[in-house]
Amino acid sequence: MQYIILITLLISIIITYLITPYWIRRATKAGLIGKDKHKKNNVKIAEVGGLPVICGFLFAMLFYIAISVFIFQESDRVLINILAALLSISIATIIGVVDDILGWKIGLRKRYKIFLTIFIALPIMVINAGHSTMNFPIIGIIDLGLLYPLLIIPLGIMGSSNGFNMLAGYNGLEASQGIIMLSTLGLITYLNGSIYVSILAFSMVFSLIAFFYYNKFPSKIFPGDTLTYSVGALIGIVAILGNIEKFALIIFGL
């Protein structure tokens, strides 16, 4: 199983590393560029850099799903959770692309952006992912029942996707923050025995590592909301599937 995980992570980093320079050329030619205020003379560089990252992540996870189905015969519940997570990330990517393309041209109001992120949570809500029983300080253990999928899940994913989006600003900041946060959550879920959740986290981490090579100062490409919404959403999804919501809150607090 270990070599399958290794291959999955290698697919993630290799695809992102190979696609990113191609996307830089294509985006620049298509006029998807923005001013880099952290360089002299406001140099214009490629935008919507989250697409290569998501491509690497999705291809890696599809490989893992194929191996799990045809060789290891993974449980249906695990596969449903993974596919729901991938659908949520795909929705986040679509919203990010729309915001990246329309946002700087005609402007998207903040309330519309927040409303759109509700749709990211829908796949995780409809499969009733996570554990409705939560341990609150002082109060103790409470079973939230339907309140968990109908309230906690959408609030958590909306909060993580929009919260991570607010971290953007400097060359390499979004990618490096995503690497740190998802690596931490991935390690915790691995130690807790939630291997597939850990693989979700680290597949994105390896894609971000490849992207960081092009995004670090002096950046050749901006990640855009395409990346920030997707990575932020995945942080919330990993926390829910791995039952480590409190750790995610602590990380965001930092």
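Good morning. Let us begin with Y148, which lies in helix α6, residues 147–165; a helix here is a DSSP run of H or I of at least four residues, numbered from the N terminus. The model is a predicted one, in which local features need pLDDT of at least 70, side-chain atom pairs count only at pLDDT 80 or more, and totals for chains, interfaces and linings use all residues. Residues are numbered from 1 along each chain as its sequence is written, and side-chain values use heavy atoms, with hydrogens and water left out.

Is Y148 buried or exposed? Its relative accessible area is 0%, so Y148 is buried (under 20% relative accessible area, with a 1.4 Å probe and protein chains only). Not counting residues up to four places away in sequence, Y148 touches residues including A129, H131, I153, I240 and E245; contact means heavy atoms within 4.5 Å. The C-alpha atoms of Y148 and A129 are separated by 9.1 Å, and the two residues are 19 apart along the chain.

I turn now to helices α1 (residues 2–30) and α2 (residues 50–72), which pack at an angle of about 150°, their axes 7 Å apart. Axes are lines fitted to C-alpha atoms, for helices over the stretch in contact, and angles run from 0 to 180 degrees between N-to-C directions. The two helices are therefore roughly antiparallel (angles over 145 degrees). Among the residues that meet are I4, I11 and W23 in α1, and F57, F63 and F72 in α2.

Finally, S194 sits in the loop between α7 (173–191) and α8 (195–215). S194 is also buried, at 18% relative accessible area. Beyond its neighbours within four places in sequence, S194 is in contact with T189 and G242.

How values were computed
Buried means under 20% relative accessible area, exposed over 50%, partly exposed in between (1.4 Å probe, protein chains only). Angles under 35 degrees count as roughly parallel, over 145 as roughly antiparallel, 65 to 115 as roughly perpendicular and the rest as oblique.
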